[in-house]
Amino acid sequence: MTIVETSLAGTDLGLTGVSEVPRADGPQKAKDFTSDQEVRWCPGCGDYVILATIRGFLAELGIRRENLMFVSGIGCSSRFPYYLEAYGIHSIHGRAPAIATGLAVSRPDLSVWVVTGDGDALSIGGNHLIHALRRNVNMTILLFNNRIYGLTKGQYSPTSEQGKITKSTPMGSVDHPFNPLSVALGAEASFAARALDSDRAGLTEVLRAAAEHRGTSFVEILQDCPIFNDGSFDMLRRENAANHLIPLRHGEPVRFGAEGEFAVVHRGFGLAVVRADSVPESDIVVHDMHIDGPEYAYALSRLSDQDLGHVATGIFRNVTRPTYDDAVRNQVAAAHESKPIAPDSLQSLLTGTETWTVG
């Protein structure tokens with residue numbers, strides 16, 4: 001595992017603050033992004049499908065391997081950097097967004113990705129996650145949600161449903177779980193999406209849009225843990241899954257079901273699911289992921305409940321706003337241009353100009 005140098009030397013510090021990530025010289029294949037490390041996840045883990053999908057997607061993305069950076073925290077999902085032939089850091093529990101922020105600011109020539117889990121990101125890493133989202137740092141965050149702690153052997157996590165019996169909750173969890181998309185949108189994520197691990201086409205579509213977005217892209221990936229939470233998302237894979245999955249397609253009415261028999265409509269300040277034939281066609285919500293405020297996307301996220309009766313997938317929100325790393329580089333460039341007077345000594349630098357004597 002090679003760690004990139006984070007010096008500002010050689011990077012673009014122009015007033016635009018933007019540097020184009022170099023493209024590959026020729027076509028790439030999934031095997032080009034496959035490392036020599038043995039993949040050590042449990043048989044049947046949803047991470048295998050996600051890994052295969054991302055390797056294929058990276059080949060399609062066309063970015064040079066040396067300009068890809070994957071940062072992970074702690075957990076089963078966080079072994080991801082070992083299995084990709086690209087730069088990566090297997091970092092600290094919950095702190096991957098903080099490390100990725102430093103990389104995004106100091107190396108605009110990198111495509112920075114964070115790989116995390118529901119425990120890593122939403123428990124000890126909760127503050128780092130929401131602040132990266134509100135700052136709109138130019139990175140893509142992939143949150144693998146299996147609704148359990150897998151690496152530490154089956155304790156309940158911040159996304160485990162109420163009543164969940166685990167090793168740490170033998171009488172059932174009394175915690176109310178997080179809805180990761182609601183958390184991200186509450187922090188005003190400029191890009192928020194959800195995909196199912198087994199839906200490779202849907203996941204690839206979401207990844208493509210996330211990679212193209214400038215700012216923080218947040219993608220929740222629902223994935224199975226066959227050892228400690230087997231079948232947690234089976235309802236979304238069975239024959240009647242169409243009655244539970246709500247696919248979001250920009251510019252199209254939000255309808256779902258095997259025959260499109262269900263629809264999403266406005267109800268008060270939120271949204272609700274109804275039978276499509278019970279309302280006029282004009283009442284059915286037409287999905288618009290580019291609405292400036294987060295309220296509509298947040299209402300969509302609230303359609304998803306603990307029992308998976310309804311789960312919206314696709315891109316909830318995709319808007320443009322200034323990024324944190326561009327703003328920091330602009331300040332650095334402005335400081336260089338203004339050529340501030342150097343302090344007389346280290347002590348004068350430490351004390352600054354706002355000092356006074358008492359007594």
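1. Buried, as used here, means under 20% relative accessible area, exposed means over 50%, and partly exposed lies in between (1.4 Å probe, protein chains only). By that rule cysteine 45 is buried, with a relative accessible area of 11%, whereas cysteine 76 is partly exposed at 26%.

2. This is a predicted model, in which local features need pLDDT of at least 70 and side-chain atom pairs count only at pLDDT 80 or more, while totals for chains, interfaces and linings use all residues. Residues are numbered from 1 along each chain as its sequence is written, and side-chain values use heavy atoms, with hydrogens and water left out.

3. On disulfides: the term is used for a pair of cysteine sulfur atoms within 2.5 Å. How many disulfides does a search of the whole structure find? The count is zero. For cysteine 45 the closest cysteine sulfur is that of cysteine 76, at 6.4 Å, which is too far for a bond. Seen from cysteine 76, the closest cysteine sulfur is likewise in cysteine 45.

4. Strand 1 (residues 68-72) is mostly covered, with five of its five residues buried. Leu68, Phe70 and Ser72 point one way from the strand, and Met69 and Val71 point the other way. Two strands are taken to pair if DSSP finds at least two bridges between them. Strand 1 runs parallel to strand 3 (residues 111-117), joined to it by five bridges, and methionine 69 stands opposite valine 112 of strand 3. Strand 1 also pairs in the parallel sense with strand 2 (residues 87-90), over four bridges; here phenylalanine 70 stands opposite glycine 88.

5. Strand 9 (residues 262-267) is joined to strand 10 by six bridges. Within that pairing, phenylalanine 262 stands opposite arginine 275.

6. On the nonpolar cores: a nonpolar core is a set of buried Ala, Val, Leu, Ile, Met, Phe, Trp, Tyr and Cys residues joined through side-chain atoms within 4.5 Å. Which members of the largest core touch the most other members? They are Phe218, Ile246 and Leu271, in a core of 41 residues. Contact means heavy atoms within 4.5 Å. Leaving aside neighbours within four places in sequence, the contacts of leucine 271 include Val264, Val265, Val285 and Tyr296, as well as His266.

7. Neighbours within four places in sequence aside, leucine 129 is in contact with Pro97, Ala121, Leu122, Ile141 and Phe218. Proline 180 is 51 residues away from leucine 129 in sequence and 11 Å away in space, C-alpha to C-alpha.

8. On threonine 313: strand 11 (residues 311-318) holds this residue. Is threonine 313 buried or exposed? Threonine 313 is buried, with a relative accessible area of 16%. Not counting residues up to four places away in sequence, threonine 313 touches Arg194, Leu245, Ile246, Pro247 and Leu248.

9. On proline 170: the residue sits in the loop between strand 4 (139-145) and helix 5 (180-186). Proline 170 is exposed, with a relative accessible area of 60%. Its C-alpha is 9.7 Å from that of glutamine 155, which is 15 residues apart from proline 170 along the chain.

10. On helix 8: its 15 residues (324-338) reach 21 Å from the first C-alpha to the last, close to the 21 Å expected. The expected span is 1.5 Å times one less than the number of residues. The buried residues of helix 8 are Asp325, Asp326, Arg329 and Ala333. They cover an arc of only 100° around the axis, which puts them on the same side of the helix; the arc is that of the directions from the helix axis to the C-beta atoms. These buried residues pack against helix 2 (96-106). Gln331 and Ser338, on the other side of helix 8, are exposed.

How values were computed: Helices (H or I, at least four residues) and strands (E, at least two) are DSSP runs, numbered from the N terminus.
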